[in-house]
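Take a walk through this structure with the model open beside you.

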Amino acid sequence: MISNSAKNRTALMPMLICCALFFILGFVTWANGSLIPFAKKAFSLETDLQAYLVTFASYIAYFFLAIPSSWILKKIGFHNGLVTSLLILGCGSLIFIPAAEKSSYVLFLIAIFVQGSGMALLQTAVNPYLSIIGPIESAAQRISIAGFCNKTAGMVAPLVLSTLLLKGANAAEAKLAQASSAVEKQAILDELLNQLHAPYISLAVVLAVFALVLKFVKLPEVNAEEDTETSTASKSVFSYPHLFLGALAIFFCVAVEVMAGDIIGTYARQLGTVPQIFRDNATAFTLGFMLLGYLIGIVTIPRFISQQAALRVCTTVGILFTILSVFTTGVVSFWFVAMLGLANSLMWPAIFPLGIKGLGKHTKTGSAIMIMGIAGGAIWPLVYGFMKDELKVDFQHAFLYAMLPAYLYIVYFATKGHKVGAKNT
């Protein structure tokens, strides 16, 4: 347990463990950026909307598993919850093997959903852990440091998978164009899908080993009831409207992150004039700008700028870059979408601690409610894909119509939403 005397400093070992866990989260999460174009080719999908089910399967798990995750954490504690989440992630990684063997897109999505379930438990545990192991005023700084690790892994994932999967997918596409029979085409697709074996077996092994090591590492068990400044013995979680407004802010925060990070690959392909190397590694460019933003957050929050002010600046920049991306073309438009990573970088670190501030004994449940907002990453790409593929809206204007409402709500939360019900907190 973290003692009251330690409240004004950050515990080092928990911080290092959290950084490692955020690296794992980043690698698995941002692998989706490469899996979307891979799945479209490997499973012969007809539209981008179908391919966006990759992100849907991953992020919708947070909506269904966040509250059960909070119950699990109440029963087994934060530490054991972290270990369990890694084992679930490993199981999800292994399901990719039969998905490839059976050439089943449904099983492929199930594997991603199981991984998402493990990440839901991991996120529900690790985010309040980061908020509580030091002063709440510097929570955004700690989340920024962990986020730096997360986005570094996010840059590594598409680079690794583009080497292992997308190059093979591009080669397979050329072979498919020359194939003369259905049997020959299926053989090419089976060979492409078999490329999933090595990376996901390796990932499962790494996750299992880290879970074993983490099990025997001594970590303080966070007691949320003692580590918050307010007694909440007589209140329910519904007494804190800023929590639910914060969960909706997380919904839109993750929505714009996924739009800029995972959808940028298909966006670049539709621009047409973007070089192949940019298209295959598009997610890495967005995450590179997010890393820059995290570095700025680490240096400036809370020393020079408050969490709320950082949130307002980020949303303003996000709106500006979105508009510029829509009214430019080619590589210039691509770079404005990539630079949304800079705008999005400090949103989560600012929103999460504002949403759970003052919840006391409800911190675990409140964290789960906040984590449910990650479902924005499941819903928003489908909204974009529906406008583009079904309503036939120009892909750049569809991008604008999807992004602006999300940023505008985050502006509201940054200015007023986090204060709603402040008298209760």
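Lysine 392 sits in the loop between helix 18 (376-390) and helix 19. Helices here are DSSP runs of H or I with at least four residues, strands are runs of E with at least two, and both are numbered from the N terminus. Lysine 392 has a positive phi of about 60°, although it is not a glycine. With a relative accessible area of 65%, lysine 392 is exposed. The cut-offs are these: buried is under 20% relative accessible area, exposed is over 50%, and partly exposed lies in between (1.4 Å probe, protein chains only).

Serine 44 also has a positive phi, of about 55°, and is not a glycine. It lies in the loop between helix 2 (32-42) and helix 3 (48-51). Its relative accessible area is 47%, so serine 44 is partly exposed.

A word on the source. This is a predicted model: local features need pLDDT of at least 70, side-chain atom pairs count only at pLDDT 80 or more, and totals for chains, interfaces and linings use all residues. Residues are numbered from 1 along each chain as its sequence is written, and side-chain values use heavy atoms, leaving out hydrogens and water.

Now step back. The protein has 19 helices and 0 strands. Of its 425 residues, 60% count as buried. It exposes about 16100 Å², and carbon and sulfur atoms supply 68% of that. These areas come from the Shrake-Rupley method with a 1.4 Å probe; for residues, only the protein chains shown count as cover. Next, contacts, meaning heavy atoms within 4.5 Å. Among contacts between residues at least 6 apart in sequence, 85% join residues at least 24 apart.

Look at helix 9, residues 241-261. How far apart are its end C-alpha atoms? They are 30 Å apart, which agrees with the 30 Å that its 21 residues should span at 1.5 Å a residue. The expected span is 1.5 Å times one less than the number of residues. Of those 21 residues, 17 are buried, so helix 9 is largely enclosed by the rest of the structure.

Cysteines come next. The structure holds 0 disulfides, a disulfide being a pair of cysteine sulfur atoms within 2.5 Å. Cysteine 253 is buried at 0% relative accessibility. Cysteine 314 is buried too, at 6%.

Histidine 79 lies in helix 4 (residues 53-102). It counts as buried because its relative accessibility is 14%. A polar atom of its side chain lies 3.4 Å from the backbone oxygen of valine 217.

Finish with the aromatic rings. A pair of rings is described by the distance of the centres and the angle of the planes. Rings of Phe, Tyr and Trp (its six-membered ring) pair if their centres lie within 6.5 Å; planes under 30 degrees apart are stacked, over 60 edge-to-face, and the rest tilted. The whole structure has 26 aromatic pairs. In one of them, phenylalanine 63 and phenylalanine 64 have ring centres 5.4 Å apart and planes at 90°, so the pair is edge-to-face. Tyrosine 409 and tyrosine 412 have centres 5.7 Å apart and planes at 50°, so this pair is tilted. The two tyrosines are 3 residues apart in helix 19 (residues 395-415), about one helical turn. Tyrosine 409 is buried at 14%, whereas tyrosine 412 is partly exposed at 32%. Phe43, Phe96, Tyr105, Phe108 and Tyr200 form one aromatic cluster.

Terms used. Polar contact = N/O pair within 3.5 Å; in protein donor to acceptor, adjacent residues only side chain to side chain.
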